[in-house]
Amino acid sequence: MNELTQSDNYQLLNRELAAPDPWGLDANPFERERHTQMLRLALAQGSISNALEVGCAAGAFTVQLAPHCKRLTVIDVVPHAIERSRRRMRDSPHISWIVSDVQQFSPDERFDLIVVAEVLYYVGGIAEMRGAVRNLVRMLAPGGYLVFGSARDANCRRWGHVAGAETVLGMLNETLLELERLECRGGSVNEDCLLACFRNPISAS
């Protein structure tokens, strides 16, 4: 299958987000289990002062994460995703909603938790993925935690993307300390992902 370009990926995301429950994030048992494990990893290190969620889709995980954060910034490259998630959360003044690409997002603040799942294989080629990883690491506070999730390389390549979980995990391990990794599988060949939690080994001065 030919590799998808960034423009192809953006159009694909827009089409998929038009569905009432895109990717079955609310109704699918595999997706519910994936979110349960992501939340467990996110909360394992205690209270969350300032978190960043990269790629909110329709807000299925945002709803679970937000109550545990004093402040939460949510970014997505697709405006419709931000609109849907914001409507779903209604009155949540502690959440900031921003339409932005993960490669371009450049806040002044640093985050003690970053969650990025099923996002990075959409950004383009290996160079773009590596650039996104560098930006995520830059935004992570000293001693902060990053929760990552993705379909495996094999599935992502079958879908037309360049790479998936194993490739990005290798990039993250170049600068962050991996604390835990787990597999999450469902009944379909497409329901097979890796989740991991990392810590920024740089200590606060």
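Predicted model: local features only at pLDDT ≥ 70, side-chain atom pairs only at ≥ 80, totals over all residues.
**Tour: a cavity and a helix pair**

A cavity here is a set of points on a 1 Å grid over the protein atoms alone where a 1.4 Å probe fits but cannot get out. Residues are numbered from 1 along each chain, and side-chain values use heavy atoms, without hydrogens or water.

Select the lining (an atom within 4 Å of a point): Ala117, Glu118, Val119, Leu120, Tyr121, Met129, Phe148, Gly149, Ser150, Gly164 and Val168. By type, 7 are nonpolar, 3 polar and 1 charged. Strand S5 (residues 140-151) gives the largest share, 3 residues; strands are DSSP runs of E, at least two residues, and helices are runs of H or I, at least four.

Next, select helix H5 (residues 126-139) and helix H7 (residues 165-172). Their axes, fitted to C-alpha atoms over the stretch in contact, come within 10 Å and cross at roughly 45 degrees.

Now show side chains. Ile126, Met129, Arg130 and Val133 in H5 meet Thr167, Val168, Met171 and Leu172 in H7, with contact meaning heavy atoms within 4.5 Å.

Note on methods
1 Å grid on protein atoms, 1.4 Å probe; cavity = no way out; pocket = protein on both sides within 12 Å on 5 of 7 lines; lining within 4 Å. Nonpolar A, V, L, I, M, F, W, Y, C, P; charged D, E, K, R; others polar. Axes fitted to C-alpha atoms, helices over the stretch in contact; angles between N-to-C directions.
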